[in-house]
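These notebook entries record what I looked up in the structure shown below.

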Amino acid sequence: LRSAQGFGPRETAASHGALWLTIRGAVGIETDEGAGARLEAGELTVVPAGMGYRLSAAEPALLLTLART
């Protein structure tokens, strides 16, 4: 589990990508390529392997992330 509020640091998805599921609140995900998505509670997205991205949340949000290691 991970909490989010404000703008997070730039991250890079692991070699198999990463899955993000919003548990509570809403979060934005913006990739280095300029694509983005806004996820409300119960929604999920997959960030492809090796892609840079950044999370942002205007209000406190709670997310579950899964990544293959």
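This is a predicted model: local features need pLDDT of at least 70, side-chain atom pairs count only at pLDDT 80 or more; totals for chains, interfaces and linings use all residues.

Entry 1, burial. I call a residue buried if its relative accessible area is under 20%, exposed if over 50%, and partly exposed in between, using a 1.4 Å probe and protein chains only. By that rule, I found both W20 and Y53 to be buried.

I number residues from 1 along each chain as its sequence is written, and side-chain values use heavy atoms, with hydrogens and water left out.

I took rings of Phe, Tyr and Trp (its six-membered ring) as paired if their centres lie within 6.5 Å; planes under 30 degrees apart count as stacked, over 60 as edge-to-face and the rest as tilted. My search of the whole structure found one aromatic pair. The ring centres of W20 and Y53 are 6.1 Å apart and the planes stand at 70°, so I recorded the pair as edge-to-face. Because W20 belongs to strand β3 (residues 18-24) and Y53 to strand β7 (residues 52-67), the pair ties together parts 33 residues apart in sequence. Strands here are DSSP runs (E, at least two residues), numbered from the N terminus.

Entry 4, strand pairing around β3. I counted two strands as paired if DSSP finds at least two bridges between them. β3 pairs with strand β6 (residues 44-47) in the antiparallel sense over four bridges, and W20 stands opposite T45 in β6. β3 and β7 also run antiparallel, joined by six bridges; here L21 stands opposite L64 in β7.

I required a side-chain nitrogen of Lys or Arg within 4 Å of a carboxyl oxygen of Asp or Glu. The count came to three salt bridges.

- E11 and R2 meet at 2.6 Å, N to O. E11 counts as buried at 18% relative accessibility, whereas R2 is partly exposed at 27%.
- D32 and R10 meet at 2.6 Å, N to O. This pair links distant parts of the chain, 22 residues apart: D32 lies in the loop between β4 (26-31) and β5 (36-40), and R10 in the loop between β1 (2-7) and β2 (11-12).
- E40 and R38 meet at 3.0 Å, N to O. E40 is partly exposed, at 36% relative accessible area, and R38 is exposed, at 58% relative accessibility.
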